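Subject: Structure for your attention

Dear colleague,

Please find the sequence and the structure below.

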Amino acid sequence: AQFVVSTGYGRDNPRRDDRYSDIGRIYCASEDYRYHVCRIRESFTNLRIEDRRSDARCTRDRDWGVTREGVWVRNGCRAVFSYEIRGRDRYSDRRY
């Protein structure tokens with residue numbers, strides 16, 4: 001099964017917050033139904049499943065969840081997670 005995630009903050013949305021405009025992705029897997037943490041190396045918010053890669057249900061707070069370090073999974077959950085990157089200035093790379 002595939003899931004499409006929409007945050008509702010597209011380019012035309014007036015409530016969009018540009019501080020969170022960059023999207024990151026991470027694959028995280030519970031091998032042999034064991035607990036596992038996948039580290040996200042940047043400050044993030046709004047972590048969600050983008051693409052489930054297992055037959056396990058991957059229910060939030062039961063099979064996966066958020067830690068200060070990133071995302072945890074267990075019970076056979078395998079998925080690609082997407083998140084909004086915090087604090088990145090999207091205009092900082094521009095040269096004048």
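Which residue in E6 is the bridge partner of Arg-25? The bridge partner of Arg-25 in E6 is Ser-82.

Before the remaining findings, a note on the basis of the work. The model is predicted, so local features need pLDDT of at least 70 and side-chain atom pairs count only at pLDDT 80 or more, while totals for chains, interfaces and linings use all residues. Residues are numbered from 1 along each chain as its sequence is written, and side-chain values use heavy atoms, with hydrogens and water left out.

Strands (E, at least two residues) are DSSP runs, numbered from the N terminus, and two of them pair if DSSP finds at least two bridges between them. Strand E1 covers residues 23–29; E1 and E6 run antiparallel and are joined by seven bridges. E6 also pairs with strand E3 (residues 44–52), again in the antiparallel sense, over six bridges. Within E6, Phe-81 stands opposite Ile-49. Strand E6 (residues 78–85) is largely enclosed by the rest of the structure, because seven of its eight residues are buried (buried means under 20% relative accessible area, exposed over 50%, and partly exposed in between, with a 1.4 Å probe and protein chains only).

Ile-23, which lies in E1, is partly exposed, with a relative accessible area of 41%. Leaving aside neighbours within four places in sequence, Ile-23 is in contact (heavy atoms within 4.5 Å) with Ser-82, Tyr-83, Glu-84 and Ile-85.

The open sheet

Three strands form an open, antiparallel sheet in the order E2-E5-E4. Its edge strands, E2 (36–39) and E4 (64–66), each pair on one side only. E4 and E5 (residues 70–73) are paired over three bridges, and Trp-64 has Val-73 in E5 as its bridge partner.

The nonpolar core

A nonpolar core is a set of buried Ala, Val, Leu, Ile, Met, Phe, Trp, Tyr and Cys residues joined through side-chain atoms within 4.5 Å. The largest one here has 16 residues, and those with the most contacts inside it are Ile-26, Leu-47, Trp-64, Val-71, Phe-81 and Tyr-83. E1, E3, E5 and E6 are the elements that give two or more residues to this core; the largest share, four residues, comes from E6.

Yours sincerely
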